[in-house]
Each structure stands twice: as structure tokens, then as C-alpha cells.
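Open the model in your viewer and keep the selection panel at hand. Each stop below says what to select and what is there.

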Protein chains: 2
Amino acid sequence: MAINISILGSTGSIGTQTLSVVDEFKNSINVVGLAAGESIDKVREQTRKYHPKAVSVKKEEDAKLIRSKKGLRVGWGDSGNCMVATLRGVDKVVIATPGLAGIKPTLAAIKAKKTIALATKEVLVAAGDLVTREAKNHKVEIVPIDSEHSAIFQSLGNRSIDEVKRVIITASGGPFRGKKPKDLKNIKVEQALAHPNWKMGRKITIDSATLMNKGFEVIEAMWLFGVPLSKIKVVVHPQSVIHSAVEFIDGSIIAQIGPSDMRLPIQYALFYPGKRKENSFKKFSFSDYSNLSFEEPDIATFRCLGLAYKAIKEGKTAPAVLTAANDVAVEAFLEEKLAFHKIPDVIESVLSRHSPKRYKSLEEILAVDSWARDEALKFAIKFGKR
Amino acid sequence: MAINISILGSTGSIGTQTLSVVDEFKNSINVVGLAAGESIDKVREQTRKYHPKAVSVKKEEDAKLIRSKKGLRVGWGDSGNCMVATLRGVDKVVIATPGLAGIKPTLAAIKAKKTIALATKEVLVAAGDLVTREAKNHKVEIVPIDSEHSAIFQSLGNRSIDEVKRVIITASGGPFRGKKPKDLKNIKVEQALAHPNWKMGRKITIDSATLMNKGFEVIEAMWLFGVPLSKIKVVVHPQSVIHSAVEFIDGSIIAQIGPSDMRLPIQYALFYPGKRKENSFKKFSFSDYSNLSFEEPDIATFRCLGLAYKAIKEGKTAPAVLTAANDVAVEAFLEEKLAFHKIPDVIESVLSRHSPKRYKSLEEILAVDSWARDEALKFAIKFGKR
């Protein structure tokens, strides 16, 4: 039986790769809903190709450019996202909307009992407590799309979390692995965008270069798998061949290995808990890798990872501040308004001015996010390109 | 609830390591039956320590040395082995009796509906067809103890075999990895017994040096997992960190990693399908391994692996001939009566004189085994230490 999906963030990196998985399994997956941002031409093209029943975009005026065909619901903004996330007949909702915008439709999809295939890190980093509580209350499963979390999910298999000694998250180390703090001055945008193993969006590529991405993944893993920070270990593994692993209490480690191709974890999430299916994607071969290496992460140089640990230990609203401040700092770097090595300074300054609070609603998170962005902007301007 | 086990081959390498797992989990595992060969002092000591309800040894006169305590059944030979393998109240039977002697009690245990924890390779190499058919008929599960097969079993998890593209069996390559045929002349027994990663019995250590052990493991994997030769790949991985893996049809590989400690797969088999349990054994750390490497096996040098493939392709009774001839050749090498590089010559000569036949009974296997041993002995004498 075919699987019916909605894709939120359909024109982004994960969204388009999800659609290429759909192309691979035309008869097994139906695209029922698509939600995009401002790439109107792209979403129109997707609409023509995949014939969804509903489409949503960011702005009302853009929505009008799509409203044309019979039998097609068109929405915009938060309400459009939520409409696409809760469509009748949809089994699974792929959440790949960048940033906090993913939280509201995720909560809506959970309430509508849709299985969540989650790519947007912010959903759990900023609002993990709220989202996982809602998922539990509605007996909805959150299946990760991130390659590391998919690897952990696959390695865990049908074993229970109380059999786990720790979760091992591998990190490529990014393009600046081995560098020292002084080497990180005068980094150019194109250098930071040159990730050694993965082709990803710009924002996440910078987060990989600072290792903040790994910090976010630690937070995500805590919520997804219900493990404390003490049970998560980050191991730098430059070849990105072991995508992550689970160490069980008996000393046995189960690891997931494969090519660096996001279509694999996407495919896994789309078909889960069904059987694995053959595809035409390039396969992994051990003989292509004569050496796999491992090392400890250098937190003294890659301070963003240390800041993530700090935010985790503070808990409550601190991770939301972490991601908001990081967003602004990375954006400023990409616009060449902030030096690469000043990204952690901005985040640290904002974190140090925040008193973490318990939160119960999305509104509280959004308020904290907004405050942290304003603060981060001030600090980004202050630190600049020095 | 405690697990009740019998151990066949209790004084050997796997047997004593099984008992050290029992020591680790005193309250969770009861030793109900022990069967040994001729190490009478050792089995008497084990009997005093573990208080089994039944003990068996190889010879009748040795059995008399044990017959002393009330409430202890004592047996000998095949019937003693089968008595220990079928004891009332036993859940699981560890088969670690060397050679073909393991087949009869395995079949008896299967008929008595005991779960099999299998270490003795010959059981499946020589009689895989018979044993797996019986296991299927009696709905009995065979759980592997061999580290490679345990790794595959653990990596497969709850996935079905039709999701498997291939099984990847790793090989350390043994002490002579990288050597060429001319380097294998004048190999001394102690050189061949110096395995780089695993502490094992003498026979299996020589089989690891010739790579015949890997050939046996391929045959075992075929029977255990129901996969053809074309779906099994041997990869040389000198560090023995990845114990083996499963490549699924979607391109994802799940691998089992851990310390080179046989107690781990033994523990897994004893508690399977129950939860994993914490132990005091030394744990694995990625930071102890800065490099993992992989290479193709060199079948031109390690001809025994090629002979195993040949026997697999011939099928029927050929693998039984393979293991019988290998047994005799390795024994002759260990007694310094046959040169190391002549081991494959003996096996090849015997295989080439055999016309593989379908078999239906253990007796047919035993007849072939006996014939192959006689032949192998003749060739071992003929080739000698030249």
C-alpha cells in the first residue's frame, strides 16, 4: 500500500531530496501536501509534477500565484503550513521547514496523529520538551531524518533504551578539523561552505564548520531517545562512514554505515516501520575506504560545541536561546558582517545574559527566541569583523 | 527468571569462557548439565563449582571417576552428550564440543526443543542441511556464538532476511596477512598459533592463519541466515573491531563493533532474546583505534578460502569432506608432520577425489567424514614437510 506524505520545506535541501526519494518509489509514495517558503517557481514546478491536494507558501501574495487549479487547496503562512501538516489521508509529515517555523506545524501534525519524519533540528533543540511530550500524549512516533539520528535509530533497532550505555554521535569535524583558534581568524564564507563529505544547505554547512551542528544533534538525541547528556558521546570521524552508533550495556556497539547520501535516511524514515526497499542510489564499499579514523572533538577550538553543552546543562529555555543566537550569528557571517571566530562570542554573550526558565507553551519559546535574536544582532554588530 | 543451560564442551576454550559468563551472572544463569572430553580434573572441578544435575565425559572409565555424588547423573560418549543436551528444565544448550561429535547432541537437543547456542562450526559446515532442517521442523532457534555470526545476528536485529543485500564477514587476515605463497614455506607451529587479535583454541587458530576458518564461517552463515554464497562477502579488516555486518538492500549497513572478547557473543547468545545486561568486561573505545582498515582477501596466497568456496559450489557432502580433510591436515601440521603450505594441498587432493552426494542422515555424513580422514592422512604422509 502506498504511503501518503506531506512535505514541509519542499523546496529546501531536504525537501528536494525527499522528492527525489519519491521519484525513486513512484508507486509507493504519494505526495499529498507541499509547503514551501518563497521559492515560488520551484513549488509551482513541484505542484505540476507531484499533483498534491494542498500547497502552502510563506506569503499571501505568493499563494495567489498558485491558486489556479481545481481540486488544489492553497494556503500561506503558519495556517497554511498547519493545513498541509494535518491533511486527511496523510500518514507521515516530513518536517524540513527551516527554523522555529517548523514547530507549529509539527505540533499540529502530532495532534492530527500523523507520524513525524523530522529534519528540522530547531523543533527539538528549541522546543524538545513540548514536542516530545505532545508526541507521547498522542502516541505519535517521531522518526529522525538527520543522518546521525537515523543511524542511532537504525542501530537501536527493536532494543529498548534501558539497554543502552551510550549513544555515539560521529562528527566529520568539518572543513577546519585540526585547526587551532588562531587559524580560525579571517575564514572566508566559501571556505566555511566547503564541507568535506556532505552536500547540505548553507546554514547547516556553517553549523558543521563550527561544530554547533553537533551540539544541536546532541540536544536532538536527548529528546528523541530520552537519554541524558552523560549518555551521549561525540566522536570525530573525518570519513563520515560510520554515521553514528549505539553502545549497549553489555559492551556491544551497533553502528550504521553507508554512503553520505541524505536520501538514505529520508527513505528509511518514509518507509519506517515497513521493510527496507532497494534503490538505485550509489552503494557503499569498504574497499573505497582503506582507513577509518577517530579522534576526540577539540572543544577549545570549536567553542560552539562547548556552548551547546553549557546550554544543555542549563536546560529549560537555554537551548532555544542557543539556536536563536546562533542563527543570527551565522546569518551575519554569511552576509560577511561577522567574523567566523566571533560566532561563538555572540552566542556566549547572549547565553550569559539569559536566565533559563521553564516553558509550557510555544509562545514562551517564541518570546525567548525573539529576545535572543535582538540581543544576538546587537552583539553581532558590536563584534563585527574584527 | 534464571536461564537453565547445558554446556557441551565445557572444558574447552568456549566452554570455559561460557562458565566465566555464568560467573558474571550467577543469579541469572544456572548450569544444569556439563559435557566434556578427557579433561577429567577440569570437569570434576567444574562439577564441584557449578553443581550441575548431569555430567558426561568421553570415556566410560573416566565417567566412573566422577560417579560419586547423590543427585548427579553421569554419562559418557555420544549417549552421555545427548543426555546432557536433552535434560529436562534446560532452556538452552551451548554446543562447543569440537568436531563432528557436536552434531548428534545438537540434533538431540533440537528434538527436545532446546534453543541451540552454537559454537562448533562443524555442526553447520558438515551437516548444515540436516541440522537447519530439523531446527525448522521443531521450531527451534539456533543462536550463533561465533563472533562474526553473532555480529551478523545482532546487526540483522528484527529485520527480515529479504531486506538483506549481503552479509559482510570480516576477517583479521591472521598472523600471515600480507604474505605471499613463497613466504608461507617453513612456517613454524608457534608462528601460526600467534593470532593477532583473538585468544582461541589451537585448531581454530591455525584455521585463522590459513583463512580456512573464514571459509567455514561463510558456510555457517549460509545455513544460519539462509543466504546464498553470492550474498556473502569476506572483507579483511586487520583490527577485528567491526566483527561483521549486514548490508541491506537500501544501501544501509549495520555493523557490530566491540572488543575482541568471546564472552560478549556468548553472553548475547545466553540471554537472547532477552534484554542485554551490563557486565564487568573491558569495554571498547574508538579512541583506542585511530585507524580501521579494510582490504580484499588474497585467495591466491590463502588457498584454503578458495577451497572452501569450491566446496560450497559443489555442495552436498563436499563441505563435510572439506572440514574432515582440513582437520587431519591441521593436526598433522600441529604435530610437525606436515608443512603449513601443504595444508591446502592435502585438502584439495581429497576434495578432487570426492564425488559430492546428497545426504539425508548423520550416518552418511559420518561415513564421508571417515573416508575423507583416511584419504587426508594418506596425502598428509605423502606431502609431509617438503
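Start with B:Ala245: its bridge partner in E11(B) is B:Ala255. This is a predicted model, where local features need pLDDT of at least 70, side-chain atom pairs count only at pLDDT 80 or more, and totals for chains, interfaces and linings use all residues. Residues are numbered from 1 along each chain as its sequence is written, chains are lettered from A and ligands numbered from 1 in the order in which they are written, and side-chain values use heavy atoms, with hydrogens and water left out.

**Stop 1: the hairpin in chain B**

Select strand E10 (residues 242–248) of chain B along with E11(B). They pair in the antiparallel sense over five bridges. Strands here are DSSP runs of E, at least two residues; helices are runs of H or I, at least four; both are numbered from the N terminus. Two strands pair if DSSP finds at least two bridges between them. E10(B) and E11(B) form a hairpin with four residues between them. Click B:Gly251 in the turn: its phi is positive, about 100°.

Now colour E11(B) by accessibility. Is this strand covered or open? It is mostly covered, with five of its five residues buried. Buried means under 20% relative accessible area, exposed over 50%, and partly exposed in between (1.4 Å probe, protein chains only). B:Ile253, B:Ala255 and B:Ile257 are on one side. B:Ile254 and B:Gln256 are on the other.

**Stop 2: across the chains**

A:Ile257 stands opposite B:Ile253.

Widen to the whole sheet. It is open and has eight strands, in the order E9(A)-E8(A)-E10(A)-E11(A)-E11(B)-E10(B)-E8(B)-E9(B), with mixed pairing. Strand E9 (232–236) of chain A and strand E9 (232–236) of chain B stand at the edges, each with a single partner strand, so one side of each has no neighbour in the sheet.

Within chain A, pick strand E8 (residues 164–171) and strand E10 (residues 242–248). They run antiparallel and are joined by four bridges. A:Val167 stands opposite A:Val246 in E10(A).

**Stop 3: salt bridges**

A salt bridge is a side-chain nitrogen of Lys or Arg within 4 Å of a carboxyl oxygen of Asp or Glu.

B:Arg166 and B:Glu247 meet at 2.9 Å, N to O. B:Arg166 lies in strand E8 (residues 164–171) of chain B and B:Glu247 in strand E10 of chain B, so the pair ties together parts 81 residues apart in sequence. B:Arg166 is partly exposed at 21% relative accessibility. B:Glu247 is buried at 0%.

Next, select A:Lys121 and A:Glu217. Their closest N and O atoms are 3.7 Å apart. A:Lys121 is buried at 7% relative accessibility, and A:Glu217 is buried at 1%.

**Stop 4: two domains of chain A**

Colour domain 1 (3–120) and domain 2 (149–384) of chain A; these bounds come from an automatic or database domain assignment. Their C-alpha centres lie 25 Å apart. The area buried between them is about 1,700 Å², with carbon and sulfur atoms giving 73%. Buried area is the accessible area (1.4 Å probe) that two parts lose on being put together, summed over both. How many salt bridges are there between domain 1 and domain 2 of chain A? The count is zero.
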